[in-house]
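User: Hi! I'm new to this one and would like a friendly tour. Could you put it up on the screen?

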Amino acid sequence: RDPAKGEAVAARLREEFPGAHKCAVCDLNEGDAALPRGVNLLVNNAGVMGAATDETMRVNLLAPARLTLGLRARNRKLRVVNVASSSHLRARACPVARMLDDRRRDKSLSAYAASKLGLLQFTAALRNNGVDARACHPGLVWTPMLKGFFPAPVRAVLPRRLFKTPAEGA
């Protein structure tokens, strides 16, 4: 969503892990030609929470699915890790088509829950089709995404011991 931020993260990863990781920022709107080659492991970790319902579904479910399927077409040995959430337990279904037309803010986090349920269903479908795919739930991690969901007065009283640091979640 922000190429400059993506490039900054990629540069940091290349510096931290020289030669170990190929980091690439790609625009999924440009089609498969924009996808990097030589990817053996994909970790779908991007996400939003409390955003517009349609944005939540696009970022948390459709983008990982699009990226995974595009890379899988180039590498049949691709391994996939999808970062899930226990929030999926709150979802009864994942009505993607209806949610893509809904621009209201996801205050109740029902779209977030549905997107995580859909991601788990996608992971299961990958596995059923011979892909080495896993889903993991890192726990409650005190990330900028989570911090941004809570108003400042609530953040001030939340006990930090309830949350993992991003490093602990990873």
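Analyst: Let's begin with proline 138, which counts as buried because its relative accessibility is 19%; buried means under 20% relative accessible area, exposed over 50%, and partly exposed in between (1.4 Å probe, protein chains only). Before we go on, this is a predicted model, where local features need pLDDT of at least 70, side-chain atom pairs count only at pLDDT 80 or more, and totals for chains, interfaces and linings use all residues. Residues are numbered from 1 along each chain as its sequence is written, and side-chain values use heavy atoms, with hydrogens and water left out.

User: Thanks! Where is the place of proline 138?

Analyst: Proline 138 is in the loop between strand S3 (132-136) and helix H5 (144-149). Helices (H or I, at least four residues) and strands (E, at least two) are DSSP runs, numbered from the N terminus.

User: And what is proline 138 in contact with?

Analyst: Setting aside neighbours within four places in sequence, proline 138 is in contact with Val83, Ala84, Lys164 and Gly169. Contact means heavy atoms within 4.5 Å. Alanine 34, on the other hand, is 104 residues from proline 138 in sequence and 30 Å from it in space, C-alpha to C-alpha.

User: New topic: helices. At what angle do H2 and H4 pack?

Analyst: Helix H2 (residues 53-74) and helix H4 (residues 110-128) pack at about 15°, and their axes are 8 Å apart. Axes are lines fitted to C-alpha atoms, for helices over the stretch in contact, and angles run from 0 to 180 degrees between N-to-C directions. H2 and H4 are therefore roughly parallel to each other; angles under 35 degrees count as roughly parallel, over 145 as roughly antiparallel, 65 to 115 as roughly perpendicular and the rest as oblique.

User: Which residues of H2 and H4 make the contact?

Analyst: From H2, the contact uses Thr53, Thr56, Met57, Asn60, Leu61, Pro64, Ala65, Thr68 and Leu69. H4 brings Ala111, Tyr112, Ser115, Lys116, Gly118, Leu119, Phe122 and Leu126. The residues of this contact divide into 10 nonpolar, 6 polar and 1 charged. Here Ala, Val, Leu, Ile, Met, Phe, Trp, Tyr, Cys and Pro count as nonpolar, Asp, Glu, Lys and Arg as charged, and the others, Gly among them, as polar.

User: I see alanine 65 in there. Is alanine 65 buried or exposed?

Analyst: Alanine 65 is buried, with a relative accessible area of 14%.

User: How many residues does the largest nonpolar core have?

Analyst: The largest nonpolar core has 12 residues: Leu35, Val39, Leu42, Ala65, Leu67, Leu71, Leu78, Val80, Phe122, Leu126, Val131 and Ala133. H2 and H4 each supply at least two residues of this core, and the largest share, 3 residues, comes from H2. A nonpolar core is a set of buried Ala, Val, Leu, Ile, Met, Phe, Trp, Tyr and Cys residues joined through side-chain atoms within 4.5 Å. In soluble globular proteins, nonpolar side chains tend to be buried together.

User: Can we zoom in on leucine 71? What does leucine 71 contact?

Analyst: Leucine 71 is found in helix H2 and counts as buried at 4% relative accessibility. Apart from neighbours within four places in sequence, leucine 71 is in contact with Leu35, Pro36, Val39, Leu42 and Leu78. From leucine 71 to leucine 42 there are 29 residues in sequence and 8.7 Å in space, C-alpha to C-alpha.

User: And where does asparagine 44 sit?

Analyst: Asparagine 44 is in strand S1 (residues 41-44) and counts as buried at 7% relative accessibility. Not counting residues up to four places away in sequence, asparagine 44 touches Pro64, Leu67, Thr68, Val80, Val81, Asn82 and Val83.

User: Last one: what is phi of leucine 109 near?

Analyst: Phi of leucine 109 is near 65°, a positive value in a residue other than glycine. Most residues other than glycine have a negative phi. Leucine 109 is in the loop between helix H3 (96-99) and H4, and this leucine is buried, with a relative accessible area of 14%.
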